[in-house]
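Hi,

Here is the structure I promised to pass on.

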Amino acid sequence: MAQSSAVTPKALAKWLAELPEFANSDQWGIGGSCLLLQLNLASHCRDLDLVCTEAEFPQLFAALAARLPQLEVPKHPRFCSDYFARFQHDSGIEIELMAGIKVLQQDAVTCWLFEPELLWFDEQLPWMSAQQWLELYRLFGRTSSASLLQAYCQSRGITVD
């Protein structure tokens, strides 16, 4: 992807979706603030959060590592996922790829299961469901984003816990 000041996380996602490793996989999805933007719950997003299955992580990681510089990820006291990597595009946009998501909560590790069958497609991109990211935002302690998604789900009659 050519360097451009007009590069957005969504444009970057479209570029990734065309890479053979991503194009040939149905085991990854877009979430985070880019999902909030897609659902018209945010006015912008600053990065690209991708979740995939644990089995798919090595292949997608290798595709990103071959094309983008990897950033160091310092150890976090609460986030202890099995797989997590951060990359940076020339535009400055960061891409986070994660699988086997785990969070330490009150001295216990909570595991979260990615379910690719819940993905939905728009603009030829795989989007995670609002329910999935509601669960993740709750798990990550991101209460304002969780509240946005909870209201979104309730307004559409989507059942959430």
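**Hairpin, core, rings and pocket**

Lys 102 has Cys 111 in strand 7 as its bridge partner. Strand 7 (residues 108-111) runs antiparallel to strand 6 (residues 102-105), and 4 bridges join them. (Two strands pair if DSSP finds at least two bridges between them; strands are DSSP runs of E with at least two residues, helices are runs of H or I with at least four, and both are numbered from the N terminus.) The two strands make a hairpin with 2 residues between them, and Gln 106 in the turn has a positive phi of about 45°.

Before you go further: this is a predicted model, so local features need pLDDT of at least 70 and side-chain atom pairs count only at pLDDT 80 or more, while totals for chains, interfaces and linings use all residues. Residues are numbered from 1 along each chain as its sequence is written, and side-chain values use heavy atoms, with hydrogens and water left out.

Now the core. The largest nonpolar core has 50 residues, and Leu 16, Phe 22, Ile 30, Leu 48, Leu 50, Ile 95 and Trp 133 have the most contacts inside it. Helix 5 (residues 130-140) gives the most to this core, with 7 residues. (Such a core is a set of buried Ala, Val, Leu, Ile, Met, Phe, Trp, Tyr and Cys residues joined through side-chain atoms within 4.5 Å; buried means under 20% relative accessible area, exposed over 50%, and partly exposed in between, with a 1.4 Å probe and protein chains only.) Leaving aside neighbours within four places in sequence, Leu 48 is in contact (heavy atoms within 4.5 Å) with residues including Leu 16, Ile 30 and Ile 95.

Strand 1 (residues 28-31) is covered on both faces: Trp 28 and Ile 30 are buried on one side, Gly 29 and Gly 31 on the other. It is joined by 4 bridges to strand 2 (residues 47-52), running antiparallel, and Trp 28 stands opposite Cys 52 there.

What about the aromatics? The whole structure has 7 aromatic pairs. (Rings of Phe, Tyr and Trp, the last by its six-membered ring, pair if their centres lie within 6.5 Å; planes under 30 degrees apart count as stacked, over 60 as edge-to-face and the rest as tilted.) Phe 22 and Trp 28 are an edge-to-face pair, 4.9 Å centre to centre with 90° between the planes. Phe 22 counts as buried because its relative accessibility is 1%, and Trp 28 does so at 3%. Phe 57 and Phe 61 have ring centres 5.8 Å apart and planes at 25°, so that pair is stacked. They are 4 residues apart in helix 4 (residues 57-67), so about one helical turn separates them. Phe 57 is buried at 6% relative accessible area, whereas Phe 61 is partly exposed at 24%.

Last, the largest pocket, with a volume of about 680 Å³. It is lined by 25 residues, of which Phe 79, Phe 84, Arg 86, Glu 96 and Phe 140 lie nearest its centre. Helix 5 gives the most to the lining, with 3 residues. (On a 1 Å grid over the protein atoms alone, a pocket is an open set of points where a 1.4 Å probe fits, with protein on both sides within 12 Å along at least five of seven lines; lining residues have an atom within 4 Å of a point. The volume is the space filled by probe spheres set on the points, which are joined across faces, edges and corners.)

Cheers
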